[in-house]
Amino acid sequence: MLIQRYSIDSLARVCHNYKYLVTTNILRLRKMSSSASAPPPTTTAPDAAKSIIAITQMRSTSDKGENIRQVEKLLQEAKKQCASFVFLPECCDFVGENRNQTLELAEPLTGPTLTKYQSLAKEYDVWLSLGGIHESVLDEYERKTDKIYNSHVVVNNKGELVKIYRKLHLFDVETPEYSFKESKVVKPGPKLIPPVDTPIGKVGLQICYDMRFAESSLILRKQGAEILTYPSAFSYPTGKAHWEILLRARAIENQCFVLAPAQIGYHNDKRRSWGHAMAVNPWGKILADLGDKDDLKVGIVEIDLATIEPIRASMPCFNHRRDDIYSLTAYGSGTTEPLEDRTFAKNVINKDTIFFETPYCFAFTNLCCVVEGHVLVSTKRSVPRLNALNSAEMSDLFNTVCRVQRMLESIYHTTAATVTVQDGADAGQTVPHVHFHVMPRRPGDFRHNDQIYVKLEDQVENKVPRSMEERIQEARKYRSVMKSLKL
C-alpha cells in the first residue's frame with residue numbers, strides 16, 4: 001500500500017494598492033511503503049480550523065470479506081497519519097458481478113457489513129464516510145425487494161450512524177465504449193440531505209454521477225456546505241474524459257473543498273474503474289491525486305477552513321446570484337423541529353405552534369379555523385404581498401403549501417382542499433404578511449363552495465380564538481405525521 005501525504009501552507013501577498021489574496025499551496029509529497037514508519041506527530045498547537053483527513057482508493061470485488069480487510073488496512077494507514085476523518089469510495093462494501101448477485105449481497109443498514117464499519121470507526125477513533133453502500137429496500141414485512149438504494153452513510157468516531165444520503169441521479173448511459181444501467185437495480189433517493197455538521201466542517205453528501213448535476217451542489221453550498229464529497233466508482237472511459245474537470249468545476253463554482261475517494265481497476269470481467277481519488281481546494285487547485293497505479297492507497301490532506309472565507313469574500317459569487325430571475329430550491333428540505341419563534345407581521349408565532357419550517361417558509365396552526373385542519377403557511381421574510389417575493393421564496397412557498405396539503409389530506413382522509421391567499425387588504429387580507437390558507441374540504445361542509453371566503457372574513461369578527469395549548473397539541477400531531485410520511 002502507498003500513502004501520500006500533502007501539507008499545505010497559505011501565503012498572502014499584497015499587490016500594489018489593491019488587496020489581493022493569493023493562496024499558494026505548497027505540496028510536500030511523501031511516498032512510502034506500508035512497512036515504512038509514520039512521521040513523528042507535530043508538536044505545534046492545533047488550529048481549530050484545520051483538520052487532517054484521508055481520501056482512499058481501493059478495488060472492491062464481490063468478496064465482501066476481502067473488501068472489509070482492504071478497508072481495515074486503509075484505516076490503519078490513515079490513523080498512522082493522524083487522520084480524524086476517512087473517506088471511502090462508492091461500493092466500498094462490494095461490486096456485484098450481475099444484478100441477481102448485487103441484490104443477494106445487499107443488506108439493510110442494520111446488517112453485518114455496516115455494523116462492522118461502525119465497530120471499525122469506534123476502534124480506530126475516526127469518522128467514516130462510507131461512500132455508497134448497497135442498502136436493501138425492504139417491503140412492509142421487512143423482506144428484501146428487487147431494488148436497493150446506493151447510500152452514502154456517515155458514521156462518527158463512536159460508531160454511531162450520523163446521516164444517510166441516498167443517491168439521486170442514476171447512471172444510465174450508452175456510449176461507444178461503455179453501457180451501464182444503474183436503474184435496473186437501484187431506486188433513486190427521495191431527497192437531498194442538508195450538509196452534515198462534523199468536526200472537519202459542514203459536509204455535503206453526494207455520490208459519483210451526482211457530480212454531473214451542478215444544481216445539487218449549489219443547493220448544498222446555499223445550505224452552508226464547506227466540503228463537498230463525491231465518493232465514486234467512476235467508469236474508466238468517462239473518468240478519462242471528465243473526472244478531473246467535473247471535480248474542479250464543482251469546487252470552483254461552489255468555493256468549497258471537494259473530496260472524491262475512488263474505486264480503481266478491474267472489479268470483474270465487465271467493470272473497470274478510473275481511480276485517481278482526488279481532493280480539490282475551493283480555488284480549484286488539486287491537493288491530491290492518487291493516480292491509477294495502486295489498488296490500495298491513502299492520501300492525507302490538511303483541510304484548512306480558514307482559507308474558504310477569503311476566497312468567497314474576494315469573489316462573492318453567491319451574493320451576485322439573481323434570485324429575482326432564477327433560483328434553486330431543494331424539494332424535500334425542511335424540519336419539523338423549529339428552534340425559534342417567528343414573526344407574522346407584528347405578531348409573534350410561538351415555535352411550539354409551528355409544525356414545519358423550510359429555508360424560506362413556516363407552517364403553523366391557526367388561531368381561528370374555518371374548518372377542522374385549517375392551517376397557515378407564511379414566509380420568514382415579512383412582506384405584505386406576493387409581488388415582493390423573490391423566485392426562491394415563491395418556489396419554496398408553493399412547495400411547502402403542497403406538502404402541508406398532502407399531510408392534512410392524509411390525517412383527515414379528504415380528497416380536496418381550498419388553498420388560497422388574500423393578496424392585499426382589498427382582497428380581505430387582515431395580516432399584512434404573505435400567507436396561504438390551507439383547508440381540507442369535506443362534502444357538504446358549505447352550502448356553496450364560495451361561502452368559505454365569507455367564512456374567512458367572519459373568522460376575524462366572530463370566531464373565539466383557540467387556546468395556545470390547543471394549537472400546540474395540534475402542531476404536535478402534524479409534526480408526527482409529517483415525519484412518518486417523510487414529506
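At 13% relative accessibility, Gln422 is buried (under 20% relative accessible area; exposed is over 50% and partly exposed in between, with a 1.4 Å probe and protein chains only). The model is predicted, so local features need pLDDT of at least 70 and side-chain atom pairs count only at pLDDT 80 or more, while totals for chains, interfaces and linings use all residues. Residues are numbered from 1 along each chain as its sequence is written, and side-chain values use heavy atoms, with hydrogens and water left out.

Gln422 sits in the loop between strand S24 (416–420) and strand S25 (435–441). Helices (H or I, at least four residues) and strands (E, at least two) are DSSP runs, numbered from the N terminus. Leaving aside residues up to four places away in sequence, Gln422 touches Ala427, Gly428, Gln429, His437 and Leu456; contact means heavy atoms within 4.5 Å. Gly428 belongs to the loop between S24 and S25. Gly428 is partly exposed, at a relative accessible area of 32%.

The UniProt annotation "binding site", from an unreviewed entry, covers Asn366, Gln422, Gly428, Gln429, Thr430, Val431 and His437. UniProt positions follow the numbering used here, feature names are shortened, and annotations may be inferred rather than shown by experiment. Asn366 lies in the loop between strand S22 (361–365) and strand S23 (375–379). Asn366 is buried, with a relative accessible area of 7%. The Asn366 side chain reaches the backbone oxygen of Cys368 at 2.9 Å.

An open sheet has six strands in the order S10-S11-S12-S13-S16-S17, with mixed pairing. Two strands pair if DSSP finds at least two bridges between them. Strand S10 (196–198) and strand S17 (286–289) stand at the edges with a single partner strand each, so one side of each has no neighbour in the sheet. From one strand to the next, the twist averages 20°. Helix H5 (residues 236–254) packs on the sheet and touches S12, strand S13 (257–260), strand S16 (278–280) and S17. The direction of H5 makes about 30° with that of S16. Axes are lines fitted to C-alpha atoms, for helices over the stretch in contact, and angles run from 0 to 180 degrees between N-to-C directions.

The largest nonpolar core has 45 residues. A nonpolar core is a set of buried Ala, Val, Leu, Ile, Met, Phe, Trp, Tyr and Cys residues joined through side-chain atoms within 4.5 Å. Ile53, Ile55, Trp243, Leu247 and Leu259 have the most contacts inside the largest core. A second, separate core of 28 residues includes Leu75, Leu88, Cys92 and Ala121.

Terms used. A polar contact is a pair of N or O atoms within 3.5 Å; within protein, one must be able to donate a hydrogen and the other to accept it, and residues adjacent in sequence count only if both atoms are side-chain atoms.
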